[in-house]
Amino acid sequence: MLHSQTKKTEIKKGIDIKLNVKPAYLHLIHQHEYEGPCRTGPSEQLTTEFDIKIGKEKFENFKKDLKTRYPKEVNMMSPAYLTWTDEFIFRDGQMKKVLSDVGETDFFLFDGVFHQFPAVELAVRFKKPVGIIGCCASTDASAYLKSKGLEAYGYIDHEHANRGLSLLRVKKTIRNTNVLVALKNDIVSKGVLSTITDIEGLKNDLGVRFTYINTEELLEEVHCLTKEDLEEAERITKDLVDNAEKSHIETKHVLSSVKFYLTVKKLLVKYECNAFTVPCFEICATQILHKEKYTFCLAHSLLKEEGIPSACEADINVLMAINVLINLTKCSPHMGNTHPLANEEKRDQSTPAGLELVDEIKGKENLVSVWHAVPTRKMKGINKAMLPYDLRNFTYGGWGATIRYDFNRDINETITLLRFHPTGKKMFAIKGKIIAGAGFNTAGCATGLYFQVEDVKDFFRKEQHFGHHYAWVYGDYIEDLKDLGEVLDVEVVTA
């Protein structure tokens, strides 16, 4: 039981993970003064002394670039200066210069003059992913290594490398994901049959781990919070209510949902996990939530605001998408049921399940709706100011706290939606434009919006291969996701 634990530790969030990069400048030193098919230049630039001098100068410039061009999420380890000569042998003495911290190294980053051969030698020796900057080593070395099944990336310049390293950091965060999954009746929730079921395949391909607990343990732990936990729950509840533009729910019901949120956080610490999902349908049917007057919605929203992936309905596909989007964009995604606007709805303006129809969509084509009661106050940046919000009950009985955001504030903004394929080997990325918000003043799972895609028939044709839950963020990240797909070896389908 959690209440027996006294040691307090932190959740190892993916957004806090850094990519450990070992940078090395590689320089060729000629042993004699000569010209020929591989070398030309004024005589004063053909000496060994000149090569030594210019190599040291370039290494100093390289170190300056490392300090100024890369973000804090990349941990640049101590740069190495590696040389070789025109006998074209890369000697062990130079390789040993990177041995001291090779165990901590996630990635080698190489730059220099005539450096593809040493870069290849190091990559083959240590079996570490490598990046090579500049012409023509970036393409020659990467082509060689890729053909041998080794992980290698060519970069045009430091700016290109910076972007590439950010994607590799996302890959590392995914490999360090351990999902806490509550089980009830079956590993597959009957609400999301399209969830990824090849868990071992996902673990082998992307490194994602899963820890399972019984729902009974999860729900029982809500009653085992300590005095300190309960005081924290009161504080969080007061903060939520005080900072809301308006609260439409009794404070005691907000507190009940906050208690569940804190319980999940404690279980994440206990089982060393950093992502969470739970089956809604099966637990709802037990009537325990009806008796205790809370839902899971607020917990999902608050966890995502902290950079912890958390998904409804035991849906691993959308959890993976949330994980990707949090770490790629540093924003806290919304997720929801996603479906094109039906022809019947266009004709008679009847209310579809989950989301109200609004006047702003009349006469518009290629519309899709997305709705769920799990928006966050950090959808425009986890490290940015809170968005304005209301608190509202999920149920018509007046309980089940949810955060509500009015998406009408963001009409015409671009969004990117994402979902993984049921096999775990593809991602579906969609770009859209917000047409109208809806569901802000309603109960249930109806907080959402209508967005416009380029071709709704193309979207729906592809959606049928992926499923209905999508995570989304503000902005156009289609190209970033395509590039990330190459890094993850995951096919990216777009619409």
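This note goes through the aromatic contacts, cavities, backbone exceptions and cysteines of a predicted model.

1. Basis. The model is predicted, so local features need pLDDT of at least 70 and side-chain atom pairs count only at pLDDT 80 or more, while totals for chains, interfaces and linings use all residues. Residues are numbered from 1 along each chain as its sequence is written, and side-chain values use heavy atoms, with hydrogens and water left out.

2. Aromatic pairs. A pair of aromatic rings is described by the distance of the centres and the angle of the planes. Rings of Phe, Tyr and Trp (its six-membered ring) are paired here if their centres lie within 6.5 Å; planes under 30 degrees apart are stacked, over 60 edge-to-face, and the rest tilted. The count by this rule is 19 aromatic pairs. One of them is the tilted pair of Tyr25 and Phe62, with 5.6 Å centre to centre and 50° between the planes. This pair links distant parts of the chain, 37 residues apart: Tyr25 belongs to strand S1 (residues 19–29) and Phe62 to helix H1 (residues 48–68). Helices (H or I, at least four residues) and strands (E, at least two) are DSSP runs numbered from the N terminus.

3. Burial of that pair. Tyr25 counts as buried because its relative accessibility is 5%, and Phe62 counts as buried at 2%. The classes are buried under 20% relative accessible area, exposed over 50%, and partly exposed in between (1.4 Å probe, protein chains only). Tyr25 and Phe62 also belong to one aromatic cluster with Phe59 and Tyr81.

4. A second tilted pair. Phe260 and Phe276 form a tilted aromatic pair, 6.4 Å centre to centre with 55° between the planes. The two residues are 16 residues apart, with Phe260 in helix H9 (residues 251–270) and Phe276 in strand S10 (residues 275–278), and the pair links distant parts of the chain. Both Phe260 and Phe276 are buried.

5. Charges over rings. A charge sits over a ring if NZ of Lys or CZ of Arg is within 6 Å of the ring centre and within 35 degrees of the ring normal. Lys146 places its charged end over the ring of Tyr153, 5.3 Å from the centre.

6. Cavities. A cavity is a set of points, on a 1 Å grid over the protein atoms alone, where a 1.4 Å probe fits but cannot get out; lining residues have an atom within 4 Å of a point. Points are joined across faces, edges and corners, and a volume is the space filled by probe spheres set on the points. There are three cavities of 30 Å³ or more.

7. The largest cavity. The largest cavity holds about 80 Å³ of space. Its lining includes Val181, Ile187, Val188, Phe210, Tyr212 and Thr277. By class the lining has nine nonpolar, three polar and no charged residues. Ala, Val, Leu, Ile, Met, Phe, Trp, Tyr, Cys and Pro count as nonpolar, Asp, Glu, Lys and Arg as charged, and the others, Gly among them, as polar.

8. The second largest cavity. About 50 Å³ of space lies in this cavity. Among the residues that line the second largest cavity are Gly14, Thr173, Asn274, Pro309 and Asn327.

9. Backbone exceptions. Most residues other than glycine have a negative phi, and most peptide bonds are trans. Phe114, not a glycine, has a positive phi of about 50°; Phe114 lies in the loop between strand S4 (107–113) and helix H3 (116–126) and is partly exposed at 45% relative accessibility. Asp489 has a positive phi near 60°. Asp489 is in the loop between helix H16 (478–488) and strand S20 (491–494) and is exposed, with a relative accessible area of 70%.

10. Cys135 and Cys136. The peptide bond from Cys135 to Cys136 is cis, with omega near -5°. Cys135 and Cys136 also form a disulfide, with sulfur atoms 2.2 Å apart; a disulfide is a pair of cysteine sulfur atoms within 2.5 Å. A search of the whole structure finds one disulfide. Cys136 is in the loop between strand S5 (130–133) and helix H4 (137–147). Cys135 is exposed at 68% relative accessibility, and Cys136 is partly exposed at 45%.

11. Other cysteines. Cys273 is too far from any partner for a bond, because the closest cysteine sulfur, in Cys280, is 18 Å away. Cys273 is buried, with a relative accessible area of 2%. Cys445 is in no disulfide, and the nearest cysteine sulfur, that of Cys297, is 5.8 Å away. Cys445 is partly exposed, with a relative accessible area of 26%.

Terms used
On a 1 Å grid over the protein atoms alone, a cavity is a set of points where a 1.4 Å probe fits but cannot get out, and a pocket is an open set with protein on both sides within 12 Å along at least five of seven lines; lining residues have an atom within 4 Å of a point.
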